[in-house]
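Hi,

Here is the structure we talked about, with my notes on what turned up in it. Have a look at it first, then read on.

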Amino acid sequence: MPKVNIPQLNRVIDIDSTKSLMDNLLKNQIPVASSCGGDGICGKCKMKVLAVSQLDLASELEHKTLEKNNAEPGERLSCQIKLLQNALVETSYW
């Protein structure tokens, strides 16, 4: 089972790779900013995803939302990605 390291909160959690990163974080009582409920359109849940050797490419919707929200390199929408391996995540609101 993959693990997500959240150094800002001093937490490491196991994740279900069939669910989005956002769903996994919320399941573990870790707050995630969102006004669209995980539909990938508000961009508030963007997070830097590090220490991952390979992530699926962003969908067209995710790419547009990230661009609209001036995302930095390495940032992804937590509601749109599923992690299949260990990762480290950071965001500005923790």
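Before the notes, one term: two residues are in contact when they have heavy atoms within 4.5 Å of each other. Also keep in mind that this is a predicted model.

**The core**

I'd start with Leu 21. Which residues does Leu 21 touch, once neighbours within four places in sequence are set aside? The contacts are Val 4, Met 47, Val 49, Ser 78, Ile 81, Leu 83 and Val 89. Leu 21 also belongs to the largest nonpolar core, a set of 20 residues. Within that core, the members that touch the most others are Val 4, Ile 6, Leu 21, Leu 25 and Leu 83. Four elements each supply two or more residues: β1 (3-6), α1 (21-27), β3 (46-50) and β5 (87-90). The top contributor is α1, with three residues.

**Helix α2**

Next, helix α2, residues 60-68. Its buried residues are Glu 62, Thr 65 and Leu 66. Looking down the axis of α2, you'd see these buried residues within an arc of 100 degrees, so they line one face of the helix. The cover over them includes β3 and β4. On the face turned away from the buried side, α2 carries the exposed residues Glu 60, Glu 67 and Lys 68.

**Salt bridges**

How many salt bridges are there? The count is four, and here are some of them.

- Lys 3 and Asp 14 pair through their side chains at 2.4 Å, N to O. This one links distant parts of the chain, with Lys 3 in strand β1 and Asp 14 in strand β2 (residues 11-14), eleven residues apart. Lys 3 is partly exposed at 38% relative accessibility, and Asp 14 is partly exposed too, at 39%.
- Lys 64 and Glu 60 form a salt bridge at 3.1 Å, N to O. Both sit in helix α2, four residues apart, or about one turn of the helix. Glu 60 is exposed, with a relative accessible area of 58%.
- Arg 76 and Glu 62 make a salt bridge whose closest N and O atoms are 2.8 Å apart. Arg 76 is in strand β4 (residues 75-77) and Glu 62 is in helix α2, so the pair ties together parts that are 14 residues apart in sequence. Are these two buried or exposed? Arg 76 counts as buried at 11% relative accessibility, and Glu 62 is buried as well, at 1%.

**Cysteines**

If you were hoping for disulfides, the structure holds zero. Cys 36 is buried, with a relative accessible area of 14%, and Cys 79 is buried at 11%.

**Aromatics**

Searching the whole structure gives one aromatic pair. The partners are Tyr 93 and Trp 94: their ring centres are 6.0 Å apart and their planes lie at 70 degrees, so the pair is edge-to-face. Tyr 93 is partly exposed, at 30% relative accessibility.

**Two asparagines with positive phi**

Last, some backbone angles. Most residues other than glycine have a negative phi. Asn 10, though, has a positive phi near 55 degrees. Where is Asn 10? You'll find Asn 10 in the loop between β1 and β2, and at 72% relative accessibility Asn 10 counts as exposed. Asn 70 also has a positive phi, near 50 degrees. Asn 70 follows α2 and belongs to the loop between α2 and β4. Its relative accessibility of 66% makes Asn 70 exposed.

Cheers

Definitions and conventions:
Residues numbered from 1 in each chain as written. Predicted model: local features only at pLDDT ≥ 70, side-chain atom pairs only at ≥ 80, totals over all residues. Heavy atoms only, no water. Core = buried A, V, L, I, M, F, W, Y, C linked by side-chain atoms within 4.5 Å. Buried < 20%, exposed > 50% of the residue type's maximum accessible area, 1.4 Å probe, protein only. Disulfide = S-S within 2.5 Å. Phe/Tyr/Trp six-rings, centres within 6.5 Å; stacked < 30°, edge-to-face > 60°. Arc of directions from axis to C-beta.
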